[in-house]
Amino acid sequence: MDRRRLLGMLGGGAAALLAARAAPVPPAHTTPPPPPRPPAPRRRGNRLYAEPVGRVTGQHSPNRTGESAAVYGTDLGISWADGSGGVLVAFGDTFGRGWSGAGGAAGPGATPAEADWRSNVLARSAGSTLAAGMRLDSWLTDRPGHARQVIPRDERPGVREFTVIPTAGISVGRRNFMAYMSVRGWGAPGRWRTNYAGIAYSDDVGETWHKPDAVRWANLPDGSQGWQMCAFARDGGFVYIFGTPNGRAGPVRLARVPEDAVLDLGAREQWTGAGWTRDQSRAAVVIPAPASELSVMFHWASGRWLAAHYHERLDAIVVHTASRVTGPWSPPHVVATAADWPALYGAFFHPFSAMDDTPYFQMSQWWPYNTMLMRLHLEA
């Protein structure tokens with residue numbers, strides 16, 4: 001999620017400039033070559049660490065998402081239980097057959113239309129045995145073999161929106177909720193500006209989505225509004241909403257709302273560090289900066305809350321633990337580094353692994369711009 005997407009989609013000179021500064025890429029309109037073999041895990045003492053299980057997306061994955069859904073390049077892989085026994089999996093900016101493999105961008109010589117760009121797509125999974133990899137069983141499509149965009153872009157006059165990207169998902173009963181951010185523009189790597197963040201909902205297991213205008217957090221002029229990217233969790237009759245500002249440099253704050261009032265932002269309370277308040281300005285930092293692309297899950301096997309995210313300064317995926325959803329949260333445990341996984345980002349837990357001894361999460365890499373299922377080994 002950075003300006004390389006913007007440069008690639010502009011095509012022409014900007015894309016050529018990016019190509020000149022990056023590793024060589026294959027010509028447009030060809031299937032990208034197989035990505036490098038995943039590195040062997042490197043355990044560093046008696047600490048948390050992650051190891052690869054298998055690729056989830058891309059034509060070279062077992063799911064062969066290029067031919068099954070025209071998903072040759074994509075990222076994120078936000079998974080949640082859909083309330084009907086399965087799992088929904090949301091992906092961010094997605095490219096089809098015309099994508100050249102140049103990260104999250106259309107690529108040299110290809111326009112967004114030629115690269116079959118969609119801002120977001122959604123898959124279904126029955127929840128396969130994760131130790132053998134993550135199976136994607138079907139996609140929300142607009143024609144056979146073509147995953148469709150499920151959250152529409154904001155086409156209102158005067159709204160400058162480059163893309164709309166999912167950041168979290170959860171279900172309450174049969175209703176599914178998806179948090180998203182309206183991206184106004186990309187800046188330097190790790191810096192982007194949003195118009196607002198919002199919550200969409202679906203009452204037909206993800207088939208159709210609604211974006212109520214009233215369920216939005218407008219960004220502040222300086223980009224500091226604290227819930228532009230979200231992570232969801234449920235506990236004790238509440239949906240907890242962890243938030244970070246746009247970009248990758250901000251801290252994490254926490255809010256909650258009753259399960260039957262997720263779409264009522266007026267019912268939201270913020271954690272102050274000592275209690276709950278309706279005053280958003282008093283929201284306390286629960287995990288210090290920098291944090292982005294956050295995922296939170298209660299892990300029943302260990303009896304601990306787990307929070308995973310990309311840490312910009314460490315250039316790594318890290319995990320924090322806590323005994324309560326409000327914290328205090330542990331310092332970051334590095335579980336995957338850019339030394340092993342160049343251009344890594346995002347760590348989204350699989351909901352069905354909450355009961356497993358070893359949790360699983362999907363991780364993205366800018367190159368090969370697809371997702372990998374990772375197994376997280378916890379300390380004794």
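These questions and answers walk through a predicted model of one chain.

Reader: What is the mean pLDDT of the chain, and where is the pLDDT below 50?
Author: In this predicted model, 87% of the residues reach a pLDDT of 70 or more. The mean for the chain is 89.

Reader: How many helices and strands are in the chain?
Author: The chain has 380 residues, and 59% of them are buried. Of its contacts with a separation of 6 or more, 55% join residues 24 or more positions apart. The count of elements is three helices and 24 strands.

Reader: Which residue of β19 is the bridge partner of Ser292?
Author: β18 pairs with β19, residues 304–311. The two run in the antiparallel sense over six bridges. Across from Ser292, the bridge partner is Tyr310.

Reader: Which residues have the most contacts inside the largest nonpolar core?
Author: This core has 54 residues. Ile317 belongs to it, and Ile317 touches residues including Tyr310, Val335, Leu344 and Phe361. Another core of 21 residues lies apart from it, with Ile170, Phe177, Val262 and Ala283 among its members. In the largest core, the residues with the most contacts are Leu122, Ile317 and Phe361.

Reader: Is Tyr180 buried or exposed?
Author: Tyr180 sits in strand β9, residues 175–186. Beyond its neighbours within four places in sequence, Tyr180 contacts residues including Ile151, Val164, Tyr196, Ile199 and Lys211. Its relative accessible area is 0%, and the cut-off for burial is under 20%, so Tyr180 is buried.

Reader: Which side chain makes a polar contact with the side chain of Tyr180?
Author: Asn120 is 60 residues from Tyr180 in sequence, and their C-alpha atoms are 9.9 Å apart. Arg216, in turn, is among the residues in contact with Tyr180. The polar contact spans 3.4 Å, and the partner is Arg216.

Reader: Why does Arg55 count as buried?
Author: Arg55 belongs to strand β1, residues 49–55. Met134 is 79 residues away in sequence, yet the C-alpha atoms of Arg55 and Met134 are 8.1 Å apart. Burial requires under 20% relative accessibility. Arg55 counts as buried because its value is 16%.

Reader: How many of the seven residues in β12 are buried?
Author: β12 covers residues 229–235. The strand is mostly covered. The number buried is five.

Terms used:
Residues numbered from 1 in each chain as written. Predicted model: local features only at pLDDT ≥ 70, side-chain atom pairs only at ≥ 80, totals over all residues. Heavy atoms only, no water. Pairing = 2+ DSSP bridges. Helix = DSSP H or I, 4+ residues; strand = E, 2+ residues; numbered from the N terminus. Buried < 20%, exposed > 50% of the residue type's maximum accessible area, 1.4 Å probe, protein only. Contact = heavy atoms within 4.5 Å. Polar contact = N/O pair within 3.5 Å; in protein donor to acceptor, adjacent residues only side chain to side chain. pLDDT = per-residue confidence, 0-100. Core = buried A, V, L, I, M, F, W, Y, C linked by side-chain atoms within 4.5 Å.
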